[in-house]
Amino acid sequence: MGKMKWFLSVVLLGLVVMIALFLVSRKDDQPVLPLQSVPAAENYVEPVTGKDDQPDLPLQSGPASENYVDLVTGMDFVWIDGGCFEMGSPDDEQSRKPDEGPVHQVCVDGFYMGKYEVTNRQYQLFNGKHVSRNIEGYSFNGEEQPVTDVSWDDAMAYIEWLNRESGKTFRLPTEAEWEYAARAGSKTSRFWGDSPDDACMYGNIADITANTFWSDWTIHNCDDGYIVTAPVGQFKPNAFGLYDMVGNVWEWTGDWYGKDYYENSPMKNPQGPLTGDTRVVRGTPWDDNPGDERSAKRLELEPNYRGQYNGFRLVLPSAK
Ligand SMILES: [Ca+2]
Ligand SMILES: [Ca+2]
């Protein structure tokens, strides 16, 4: 029995050594994955913290300079080629207001435009205590819902923070840039045509679903499925690939509001009046009336106004 025990011990030890050698040789056999390279150009990709068992991710596809992703917030931007367009609405456009005229030619340089409105998640990176509204149990505070209850001054503070963190030069769009981006080459009253009741395909507005809660609202005769703000990017984009350019929230622009500004606006890169009391918001909110979802629609708000109807999106003049 003593010899047998000794024999079994030797066999067992041999097995352990063989298994150990096998495991070591397997590790050596594993291919060395190439280091993930980070492109230096205008398309940014989050650096991959390469674990050996993860596949090598392809670099972001698409032509350089069409898209940009901010590394601090993950915010997506679309390149908008510069060009000229007819800004404002003609006298015979239904629901138009006098401050939308006269129609005048405007040319803007190219810029990156936020693909979506700034979200609660992106805003809370700056101010973790910020809370968007809650109405009767309907929350505006989901991570991917647009941030609301932010004044023009709050938007400027956010931009100052993001520029410091990113080393870039983000800003609000000018009113002209906003309308140019919203029209996306269209000359109709809305970027999809002229029918208000097609709005539900392109954005979250006052609709049949909202009417189930606010029964006295004048609504669009269509259903977008949302009572308050929707997560960004739920509807069809416009021809430039921008989402929620109609509905969800009014969006702050960088311009002072001037009722008669279009009469004297410079043709090239207009910046709005030099001074004023109110700032321009564009893009209509989740509770908008039929007619307000037109591309030329303007509204003025005081810079310190915080409400459940307005948020913002950013512009980046250059990724350099
Ligand atoms: Ca709605
Ligand atoms: Ca909007």
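**Terms and their grounds**

Author: Asn248 lies in the loop between α5 (208–211) and β8. The model is a predicted one, and every term below rests on values computed from it.

Reader: Why is Asn248 called buried?

Author: A residue is buried if 20 or more other C-beta atoms lie within 10 Å of its own. Asn248 has 33 other C-beta atoms within 10 Å, and it is therefore buried.

Reader: Why is Asp149 called partly exposed?

Author: The class of partly exposed residues lies between 12 or fewer C-beta atoms (exposed) and 20 or more (buried). Asp149 has 19 other C-beta atoms within 10 Å, so the residue is partly exposed. Asp149 is located in the loop between β7 (138–139) and α3, and its phi is also positive, near 60 degrees.

Reader: How do you know that the peptide bond from Gly101 to Pro102 is cis?

Author: Its omega is near 0 degrees. Most peptide bonds are trans. Pro102 belongs to the loop between β3 (83–87) and β4.

Reader: What makes β10 and β11 edge strands?

Author: Four strands form an open sheet with mixed pairing, in the order β10-β9-β8-β11. β10 (299–301) and β11 (310–311) each have a single partner strand, so one side of each has no neighbour in the sheet.

Reader: How do you know that β9 and β10 pair?

Author: Two strands pair if at least two bridges are found between them. β9 (residues 279–282) and β10 are joined by 3 bridges in the antiparallel sense, and the pair therefore meets the criterion. Val281 stands opposite Leu299 in β10. Helix α4 (residues 175–183) packs on this sheet, touching β8 (250–256) and β9, and its direction makes about 10 degrees with that of β9.

Reader: Why is α4 called mostly covered?

Author: Of its 9 residues, 9 are buried. Among them are Glu175, Trp178, Tyr180 and Arg183. Just after the helix, Ala184 takes a positive phi of about 50 degrees.

Reader: What is the strand order of the antiparallel open sheet, and which strands are its edges?

Author: The order is β1-β2-β5-β12. The edge strands are β1 (67–69) and β12, each of which pairs on one side only.

Reader: How do you know that β5 pairs with β2 and with β12?

Author: The criterion is at least two bridges. β2 (residues 76–80) and β5 share 4 antiparallel bridges, while β5 and β12 (residues 315–316) share 2, also antiparallel. Met113 of β5 is the bridge partner of Val78 and of Val315 in β12. From β5 (residues 111–114), Phe111 and Met113 point one way, Tyr112 and Gly114 point the other way, and all are buried.

Reader: Which residues touch the most other members of the largest nonpolar core?

Author: That core has 58 residues, and those touching the most other members are Tyr112, Met113, Ala155, Ala181, Leu314, Val315 and Leu316. β2, β4 (104–108), β5, α3 (152–166), α4, β8, β9 and β12 each supply at least two of its residues. Beyond four places away in sequence, Tyr112 touches Tyr68, Phe77, Val78, Trp79, Val315, Leu316 and Ala319.

Technical notes. Residues are numbered from 1 along each chain as its sequence is written. Chains are lettered from A and ligands numbered from 1 in the order in which they are written. This is a predicted model: local features need pLDDT of at least 70, side-chain atom pairs count only at pLDDT 80 or more; totals for chains, interfaces and linings use all residues. Two residues are in contact if their C-beta atoms, placed from the backbone, lie within 7 Å. Axes are lines fitted to C-alpha atoms, for helices over the stretch in contact, and angles run from 0 to 180 degrees between N-to-C directions. A nonpolar core is a set of buried Ala, Val, Leu, Ile, Met, Phe, Trp, Tyr and Cys residues joined through C-beta atoms within 7 Å.
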